[in-house]
Amino acid sequence: MSTAERHGASLRDEYAEMTRQRIVAAFVETLEDEEADDISMAAVAKRAKVAERTIYRHFRTRAELFAAAGEWIEDNVFSYIPFTSPDELPEIFRKLCKRFDRHPHLARAIAMTRAGRRVRAGFRRHLIDQHRKAMAPLVRHLPAKEVRQAEALASYLNNVLAWNAMREDFGMTSGEIADAIEWALTTLLKDVRQRDAAGARAGKMEKPQRKRAAAAKVPE
């Protein structure tokens, strides 16, 4: 390939990526603005100033577009905040509340609409996995059922659904919501630690008992 051909190919790739990003941004804007429970590709195309068939050249299926929109939102709007300990979650949620306040219609759409739920599915799985890893050191001695309950509660307290429900159903401000979630998470983590400590003590007591039982079975 000549230098001119490589340059032309590079320009085409750059233009294609710009078009792709414009489509994703238009989809997110449409999700934020429209009350519909689903998103019309015609509406996205009109906002992106492209033909509807152009969308399908860049995204073979609606699922591909939804996934790309989820990544775009995570990167550009409600950016993922990494954490290693569940004790960090109250402050992280407080920061997220401020971001939800800056884009309340988008936050609500992600929480409540069918299209929004599909958009957030990818980064929710990532976030749930991070909650599971962060909770792991606290639940070593808990039964599997309680481990699942603890992981689920921590994950779904730190969630746009909680923000939306408290905002719409109780008229709470984001500051009040963040305070309530901090209270709930702090209470949950305290209880999880107490249960885990009790499980550890019970495990230590069982070991000598098992040893004595095993010794008693050994024939003389």
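**Reading the terms against the values**

Mentor: L96 counts as buried, because its relative accessibility is 12%. The term means under 20% relative accessible area, with exposed over 50% and partly exposed in between (1.4 Å probe, protein chains only). This is a predicted model, where local features need pLDDT of at least 70 and side-chain atom pairs count only at pLDDT 80 or more, while totals for chains, interfaces and linings use all residues. Residues are numbered from 1 along each chain as its sequence is written, and side-chain values use heavy atoms, leaving out hydrogens and water.

Trainee: Where does L96 lie, and what does L96 touch?
Mentor: L96 lies in helix α5, residues 89-102. Leaving aside residues up to four places away in sequence, L96 touches F78, S79, I81 and N158; contact means heavy atoms within 4.5 Å.

Trainee: What makes α6 roughly perpendicular to α7?
Mentor: Helix α6 (residues 104-112) and helix α7 (residues 114-135) pack at about 90°, with axes 5 Å apart. That angle makes α6 roughly perpendicular to α7, since the term covers 65 to 115 degrees, whereas under 35 is roughly parallel, over 145 roughly antiparallel and the rest oblique. The axes are lines fitted to C-alpha atoms over the stretch in contact, and angles run from 0 to 180 degrees between N-to-C directions.

Trainee: Which residues in α6 and α7 meet?
Mentor: From α6 come A109, I110, A111 and M112, and from α7 come R114, G116, R117 and R120. The residues of this contact divide into 4 nonpolar, 1 polar and 3 charged.

Trainee: Which residues of helix α2 are buried?
Mentor: In α2 (residues 41-48), they are M41, A43, V44, A45 and A48. Across the 220 residues of the protein, 39% count as buried.

Trainee: What caps the N-terminal end of α2?
Mentor: S40 does, with a side-chain oxygen 3.1 Å from the backbone nitrogen of A42. Just after α2, K49 takes a positive phi of about 60°.

Methods. Helix = DSSP H or I, 4+ residues; strand = E, 2+ residues; numbered from the N terminus. Nonpolar A, V, L, I, M, F, W, Y, C, P; charged D, E, K, R; others polar. Polar contact = N/O pair within 3.5 Å; in protein donor to acceptor, adjacent residues only side chain to side chain.
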